[in-house]
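My notebook is open, and I am going to look up a few things in this model.

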Amino acid sequence: MTTLLEVQDLRTQFTTDEALVKAVDGVSFTLEEGKTLALVGESGCGKSVSALSVMRLIPWPPGRIVSGSIVFDGVDLLALREHEMGRIRGKEIGMVFQEPMTSLNPVLTIGRQLTEALELHLGMSRYDANQRAAELLRQVGIPDAESRLAQYPHQFSGGMRQRVMIAMAISCNPKLVIADEPTTALDVTIQAQVLELMKELTQRLGVSLIIITHNLGVVARYADDVNVMYAGKIIERGSAAQVYANPSHPYTLGLLKSVPRLDQPKTESLDPIQGQPPDLGNLPPGCAFQPRCRYAVERCTADTPILESVGDGHEAACWQIAEVAAAH
Amino acid sequence: MGQYVLRRAILAVPTIFASTLVVFLVLRVLPGDVALFIALGTDASGVADEAAIEAIREELGLNRPLPVQYFVWIGNALRGEFGESAFTHRTVAYEITSRLPLTVQLALMGQILAFAIGIPLGIVSAMRRDKAVDTISRFWSILFLAMPQFWVALMLLLFTSRVFNWSPPLGYFLLWEHPGNNMLQLGPAALVLGVGGAAIAARMTRSSMLEVLGEDYIRTARAKGLMPGVVIIRHALRNALIPVISLSAVTFAFLLAGTVILETVYSIPGLGSLMLTSIRTRDYEVIQALVLISVVVVILLNLVVDIVYAWLDPRISYS
């Protein structure tokens, strides 16, 4: 198994008038070829910023990658010049964004938005690119592909647009697809279709996948590995099975308990995590989750926990791992 | 689309009629009497004889009731007859057509300059937000918005004559009669018009571009690996120009108004100076025809802009 992506101690910060926001604060993870990795967490925990950092699409100002390394397929992306990065984006790494309604250009045809990357990265002629674009639309399950190419985004439904986004992401045979909350803006029935499509395509084409989501159901069903993020840090990681069977960080445990389950008696009430996600510009000392944590002890307010092994490849960053394990 | 244009054309009819009524009434309410001006002569040396004035009124039809005057004028206008100037006794049609090319040329040159300077400046400004280029461009935009055009025109005249000992040649030629001379004459006026328009266009393009550059689809375009130039030209520009184009009908109307002043400053015998002269002398027939033309031009312009708008933005459909 070869490593496709290795992120080491990534730090991405945003300078605002009030504070320095450490959106991603020392994140490390690796992705093996052909695997699916899920980045999980609440809004504002740094999962999208991690993905945009890999693409080097952090808007500057105000954002900046301050340190760390991102090695993709043997190349250090942070050392590349902007035009060299342009040959990675869209070609080696495809991206699917959260908002299908606004992520497509309203004044260009679907065909043009598909063909431009093909012409740029694969050197296709306009005619060949059009043929390939129609083929891509068929692959993502859009009927009547040839005539759809001449249409504009507003003539597509949300689910169809997200299919177009997926077609765009895989168009140049990338090694990696990053999907940033790909189904959040879609109807529940469409969500499943889009996820199935992505899973099926990436498996068939041998593409590695990073799914960013706050939906634990998505993780359970589609991911090999899971990184749980909180306040810009990874606080638990492991295989999906490990994290589900044996959540070792109080935050992960809290997330799992906040999900309603059909196999529990109806009388059982949900147990949500109390409080609000922290202000990234003004984090408490010690563990960032400690103010909301029911297992917190004195030490949690002073020392920041680091990831420690709790099993084969399963790690969690918590001083109270034993207590959490005993509690469930 | 054809149906849309037709519908708009039909809707324009009441607008044009309303404007004729307004201009007719406003002129009649204004103090000053064309018959008196004529009786006194252009140098006011004549004698204001009550009987003579009454005779002139009789001749011009000004002693008839207002509704009658209005309907006579409208009736003639519908048949394409706009009467004659009370002073020069040349037909209004002749007065206008002989002056029209200069003004049309001036306005077009001004508008082209406005876009040619303003839009690129706005784009660069947005791309280099808060950098030196942006600050300088915004400073000049505000400056040219704040300075009245007649003053800029006078300063330009002064500047070229003092520093280069040059002023625009006198005696006017149409573009196709004597292109070099024509450009030298209209150039400075068009420049003043254009720079003012460019200031507006630059500011609108900048703010519109900044908004578009923050859109999700620009991030998508960058995620495809497109070069920054391609992202700007192919993905951002067309979206950013939609509001600029749709407002250009309004700014062009201001530009037309600006020609009145600039033609006076540069003594260009165009429609603007004709309008000013005829207002001063209450030459009703001429003013009425000129206002009518302006109204029709502005209405047509709005129609053209709507059509361009639909071409720029496929979400708009006029069916």
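I looked up an open sheet in chain A: its four strands run in the order β2-β1-β4-β5, with antiparallel pairing. Strands here are DSSP runs of E with at least two residues, helices are runs of H or I with at least four, and both are numbered from the N terminus. Two strands pair if DSSP finds at least two bridges between them.

I noted that β2 (20-32) and β5 (75-76) of chain A stand at the edges with a single partner strand each, so one side of each has no neighbour in the sheet. Further in, I checked β1 (residues 3-15) and β4 (residues 63-72) of chain A, which pair in the antiparallel sense over eight bridges. There, A:E6 stands opposite A:V71 in β4(A).

A note on the source: this is a predicted model, where local features need pLDDT of at least 70 and side-chain atom pairs count only at pLDDT 80 or more, while totals for chains, interfaces and linings use all residues. Residues are numbered from 1 along each chain as its sequence is written, chains are lettered from A and ligands numbered from 1 in the order in which they are written, and side-chain values use heavy atoms, leaving out hydrogens and water.

Next I turned to A:L186, in the loop between β7 (176-180) and α7 (188-205) of chain A. Is A:L186 buried or exposed? I found A:L186 buried, with a relative accessible area of 10%; buried means under 20%, exposed over 50%, and partly exposed in between (1.4 Å probe, protein chains only). Among the residues A:L186 touches are A:P100, A:Q162 and A:V194, not counting residues up to four places away in sequence; contact means heavy atoms within 4.5 Å.
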